[in-house]
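Have a look at the model first, then try each task before reading on.

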Amino acid sequence: MSTLTSRATGPTDPTSPARPDRPDRPARTPADRESAPAARRRTTSRALLSKGVVNAVLIVAALYTLMPVSWLLFAATKNSRDLFGTSGFAFGDFNLFANLRDVLTFNDGIYLRWFGNSMLYSVVGSAASSLLCVATGYAFDKYDFKGKEKLFGIVLGGVLVPATVIQLPMYLLATKAGVVNTYWALLLPALVNPFGVYLARVFSEGYVPAEVLEAARVDGAGELRTFAGIALPMLAPGFMTIFLFSFTASWNNFFGALVMLNDEKLYPVNLGLFMWNSVTQQQPEYYALVITGSLIAVVPLIIAFVCLQRFWRSGLTAGAVK
């Protein structure tokens with residue numbers, strides 16, 4: 001009884017001398033007690049220094065990323081005189097609305113035609129490509145068939161091939177198919193996305209439990225209905241993530257459009273701006289059109305990332321927790 005009492009009422013301060021019932025804990029000297037706050041201060045200083053370095057790097061990266069867009073925003077508000085007569089990050093006479101009107105009405109509104117073409121190539125092509133990737137990745141994950149892993153390895157090999165390398169073979173194939181200088185010349189190649197298939201398989205492994213599919217089959221659901229009614233809603237974060245990547249790639253697809261298209265009315269907005277920029281040396285008034293048109297072309301990408309970023313963030317953690 002006395003031993004229990006001594007343990008219950010004994011000193012609990014870690015800085016107190018060694019106790020008879022804890023011979024393994026040595027007594028702390030006054031020097032140890034004085035050095036503890038100093039050690040804590042050094043640890044705090046190192047943590048603050050690390051955070052400061054990380055924040056400084058992030059700030060520099062953010063400034064480096066936002067500087068071109070900031071310059072574009074400043075330049076789009078200037079008239080032709082201020083565009084060449086003032087520094088890049090200085091305001092001149094506010095002329096943004098007049099510049100917008102000039103871009104949208106120039107050459108019978110050809111810019112609006114280019115913008116609509118880009119939306120068609122990016123939205124329709126990316127939606128079809130994302131659906132195809134999700135279905136393919138789901139099949140690679142949930143079904144067993146002969147040569148599955150070898151076939152998947154071939155698909156992954158497509159990720160290593162740069163898009164510019166296959167543009168000439170794709171042009172020759174499009175010539176044989178008779179789709180050069182048509183909308184199909186950009187829509188059909190956009191359907192093939194090896195990286196999207198890889199992502200879809202990862203998402204399927206992380207989001208679609210095999211038990212749920214087995215329960216649906218037991219209830220009499222067919223494979224197509226199981227995929228469309230059960231698996232596809234579960235794969236919504238993956239679908240939107242693949243769509244976002246495909247949308248960005250399609251919107252910025254300049255070289256493919258340059259190779260495949262000759263008709264000005266079929267140009268996407270980036271190729272149209274390139275054609276305007278090619279004549280700025282002879283006609284400097286095109287500078288304002290190119291700058292303002294570039295600012296408008298950035299807006300859909302910003303809207304897409306702002307609206308779909310929650311799906312993207314949730315998709316990045318697919319398979320992280322089992």
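**Exercise 1.** Find where Arg 201 and Glu 205 lie and how many residues apart they are.

*Solution.* Step 1: Arg 201 and Glu 205 both lie in helix H9; helices here are DSSP runs (H or I, at least four residues), numbered from the N terminus. Step 2: they are 4 residues apart, about one turn of the helix. Step 3: their side chains meet in a salt bridge, at 3.7 Å from N to O. A salt bridge is a side-chain nitrogen of Lys or Arg within 4 Å of a carboxyl oxygen of Asp or Glu. Side chains of opposite charge can pair when their charged atoms come close.

Two notes on the model: it is predicted, so local features need pLDDT of at least 70 and side-chain atom pairs count only at pLDDT 80 or more, while totals for chains, interfaces and linings use all residues. Residues are numbered from 1 along each chain as its sequence is written, and side-chain values use heavy atoms, with hydrogens and water left out.

**Exercise 2.** Decide whether Arg 201 and Glu 205 are buried, partly exposed or exposed.

*Solution.* Step 1: recall the cut-offs: buried is under 20% relative accessible area, exposed is over 50%, and partly exposed is in between (1.4 Å probe, protein chains only). Step 2: Arg 201 has 11%, so this residue is buried. Step 3: Glu 205 has 40%, so this residue is partly exposed.

**Exercise 3.** Which residues do salt bridges with shared partners join into one network?

*Solution.* Step 1: the network holds Arg 81, Asp 82 and Asp 93. Step 2: Arg 81 and Asp 82 meet at 3.8 Å, N to O. Step 3: Arg 81 is exposed because its relative accessibility is 55%, whereas Asp 82, at 10%, is buried. Step 4: for the whole structure, the count is 8 salt bridges. Another of them pairs Lys 142 with Asp 141, at 3.0 Å from N to O. Lys 142 is partly exposed at 21%, and Asp 141 is buried at 18%.

**Exercise 4.** Describe the largest pocket by its volume and its lining.

*Solution.* Step 1: on a 1 Å grid over the protein atoms alone, a pocket is an open set of points where a 1.4 Å probe fits, with protein on both sides within 12 Å along at least five of seven lines; lining residues have an atom within 4 Å of a point. Step 2: the volume, the space filled by probe spheres set on the points, is about 1,100 Å³. Step 3: the lining has 41 residues, and Ala 163, Pro 189, Val 192, Asn 193 and Pro 194 lie nearest the centre. Step 4: H12 gives the largest share, 6 residues. Step 5: by class there are 29 nonpolar, 12 polar and no charged residues.

**Exercise 5.** Find the helix that holds Thr 241, and the residue whose backbone oxygen lies 2.8 Å from a polar atom of the Thr 241 side chain.

*Solution.* Step 1: Thr 241 is in helix H12, residues 236–251. Step 2: the backbone oxygen belongs to Pro 237. Step 3: Thr 241 is buried, since its relative accessibility is 2%.

How values were computed. Helix = DSSP H or I, 4+ residues; strand = E, 2+ residues; numbered from the N terminus. Polar contact = N/O pair within 3.5 Å; in protein donor to acceptor, adjacent residues only side chain to side chain. Nonpolar A, V, L, I, M, F, W, Y, C, P; charged D, E, K, R; others polar.
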